[in-house]
Amino acid sequence: MEAQPKGMSDAAPFGVYVHWPFCAAKCPYCDFNSHVRYGGIDEARFLAAYLAELAHFAEAAPGRTVTSVFFGGGTPSLMAPHVTGAILEAIAGHWTLDADAEITLEANPTSVEAENFKGYAAAGVNRLSLGVQALDDASLRSLGRLHTAAEALAALMLARDCFERISFDLIYAREGQSLDAWTGELTRALGFAADHLSLYQLTIEDGTPFAALHEAGRLRVPESEAARAMYLATQELCEAAGLPAYEISNHAIPGSESRHNLVYWRGYDYAGIGAGAHARITQDGTKRALSTLRLPEDWLAQVEVRGHGIVSDEPLRARETAEEYLLMALRLAEGMDLSRFTALRGEPLDETRLDALIAEGLLTRNGARLTATPSGRLVLERLILELAA
Ligand code: SF4
């Protein structure tokens with residue numbers, strides 16, 4: 001049985017993701033769909049397009065109760081608060097917005113963006129996710145971040161006055177970072193933590209400036225054994241501080257998990273609007289995978305003509321839906337429901353393979369629940385490939 005975060009209603013979870021694809025600068029490690037537009041953008045035109053695409057999704061998924069909204073990016077804290085408010089109003093107009101809906105906005109902690117926190121709260125945002133990333137200025141500079149550590153902490157303090165719930169992100173296994181340096185930084189961060197932390201290991205993504213530097217030998221990140229030690233220390237420190245991992249990179253006071261991300265990881269439906277957004281909508285018993293055009297201007301032009309920026313809309317076969325559930329749910333500490341998997345795929349997982357992975361200490365089984373152990377979560381890709389084969 002999946003325990004519900006506190007305050008969550010009985011309505012079947014349904015999330016709305018809003019992608020704001022613009023950033024003030026491109027961080028050298030980032031491969032997200034984010035774009036810098038030095039000349040600015042026509043925010044009113046983009047808002048009209050968001051509202052049009054929302055109406056399109058509301059027709060495709062009528063009658064749902066929205067349990068979470070997530071403004072992600074890019075940098076949604078570059079969005080004017082009145083734009084956020086208008087989008088939230090439209091969501092509440094098209095669907096029932098659950099009285100306890102979690103409404104998150106991702107923000108970068110520059111002082112300029114922090115000035116808008118009160119405006120976002122007034123617009124209805126009740127949870128802020130801050131991209132702090134590191135607690136020292138040298139690391140922030142090498143990550144290409146535009147804020148200082150002092151600005152990040154000031155933004156965090158301001159956020160505490162404006163939002164019921166706050167998460168912040170840190171990146172570890174950075175260039176030259178030792179295990180001691182990371183555990184010291186994390187211990188400090190836990191002193192500032194509210195109810196949620198996202199702690200990501202730096203990954204070198206293809207096509208980024210960091211990938212080019214890494215290939216040229218000019219960027220050295222900790223070896224995999226050192227990164228593994230940092231991951232395990234992260235689990236221990238967060239657990240001891242009362243924020244255990246509920247997902248590979250996410251830690252929360254029990255009951256304060258991100259409801260929106262749980263929608264993805266537990267395999268529920270969600271709408272996704274904005275350039276490069278993804279959605280999963282079940283219609284007549286078939287789950288459909290949708291995505292929108294990635295380039296903001298292309299997306300805008302198509303929405304203005306067709307009312308949506310959707311570039312791909314495919315029905316998922318039973319096997320694909322089941323495998324997506326497996327892939328997502330095994331990221332969670334609560335694991336997956338084997339009977340749900342069997343119902344989705346029409347056949348159970350191979351018992352011999354399951355037993356072998358359990359014997360290897362990578363999985364545990366408790367009745368119908370299958371969970372990856374901490375060691376299993378470190379080799380999740382391999383686990384999933386073997387289970388889905
Ligand atoms: S602010 Fe975030 S989304 Fe934008 S470039 Fe940096 S990491 Fe990517």
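The legends below describe several close-up views of a predicted model.

**View 1. Parallel pairing of strands β2, β3 and β4 in the predicted model.**
Strand β2, which covers residues 65-73, and strand β3, which covers residues 96-107, pair in the parallel sense over six bridges. Within this pairing, Ser68 stands opposite Glu102 in β3. Strands of a sheet pair through backbone hydrogen bonds, either parallel or antiparallel.

**View 2. The cis peptide bond between Gly73 and Gly74.**
The peptide bond that leads from Gly73 to Gly74 is cis, with an omega near 20°.

**View 3. An open sheet of three strands with antiparallel pairing.**
The order of the strands in this open sheet is β13-β15-β14, and their pairing is antiparallel. Because β13 (336-337) and β14 (363-366) stand at the edges and each has a single partner strand, one side of each is left without a neighbour in the sheet. Strand β14 pairs with strand β15 (residues 369-372) in the antiparallel sense over four bridges, and in this pairing Asn366 stands opposite Arg369 in β15.

A polar atom of the Glu185 side chain lies 2.7 Å from the backbone nitrogen of Leu135, while a polar contact of 3.0 Å joins the side chains of Glu185 and Gln177. When residues up to four places away in sequence are not counted, Glu185 touches Ala134, Leu135, Asp136, Arg174 and Gln177.

**View 4. Pro28 and its contacts with residues elsewhere in the chain.**
Pro28 has its place in the loop between β1 (14-20) and α1, and at 17% relative accessibility it counts as buried. Although Pro28 and Pro209 are 181 residues apart along the chain, their C-alpha atoms are separated by 5.1 Å. Leaving aside neighbours within four places in sequence, Pro28 is in contact with Ser142, Leu143, Gly144, Thr208, Pro209 and Phe210.

**View 5. The lining of the second largest pocket.**
About 400 Å³ of space lies in the second largest pocket. Rolling a probe the size of a water molecule over the atoms shows where empty space is left. This pocket is lined by 24 residues, of which Gly267, Asp269, Thr282, Lys287 and Thr321 lie nearest its centre. At least two residues of the lining are supplied by each of β9 (269-273), β10 (278-283), β11, α12 (318-329) and α13 (338-345). Which element gives the largest share of the lining of this pocket? That share, five residues, comes from α12.

**View 6. Ala173, a residue with positive phi in a loop.**
Ala173 has a positive phi of about 60° although it is not a glycine. Is Ala173 buried or exposed? At 3% relative accessibility, Ala173 counts as buried.

**View 7. Asp284, a residue with positive phi between β10 and β11.**
Asp284, which is not a glycine, has a positive phi of about 50°. This residue lies in the loop between β10 and β11, and each of these two strands supplies at least two residues of the lining of the second largest pocket. Asp284 is exposed, with a relative accessible area of 84%.

Key: Residues are numbered from 1 along each chain as its sequence is written. This is a predicted model: local features need pLDDT of at least 70, side-chain atom pairs count only at pLDDT 80 or more; totals for chains, interfaces and linings use all residues. Side-chain values use heavy atoms; hydrogens and water are left out. Two strands pair if DSSP finds at least two bridges between them. A polar contact is a pair of N or O atoms within 3.5 Å; within protein, one must be able to donate a hydrogen and the other to accept it, and residues adjacent in sequence count only if both atoms are side-chain atoms. Contact means heavy atoms within 4.5 Å. On a 1 Å grid over the protein atoms alone, a cavity is a set of points where a 1.4 Å probe fits but cannot get out, and a pocket is an open set with protein on both sides within 12 Å along at least five of seven lines; lining residues have an atom within 4 Å of a point. Grid points are joined across faces, edges and corners, and a volume is the space filled by probe spheres set on the points. Buried means under 20% relative accessible area, exposed over 50%, partly exposed in between (1.4 Å probe, protein chains only).
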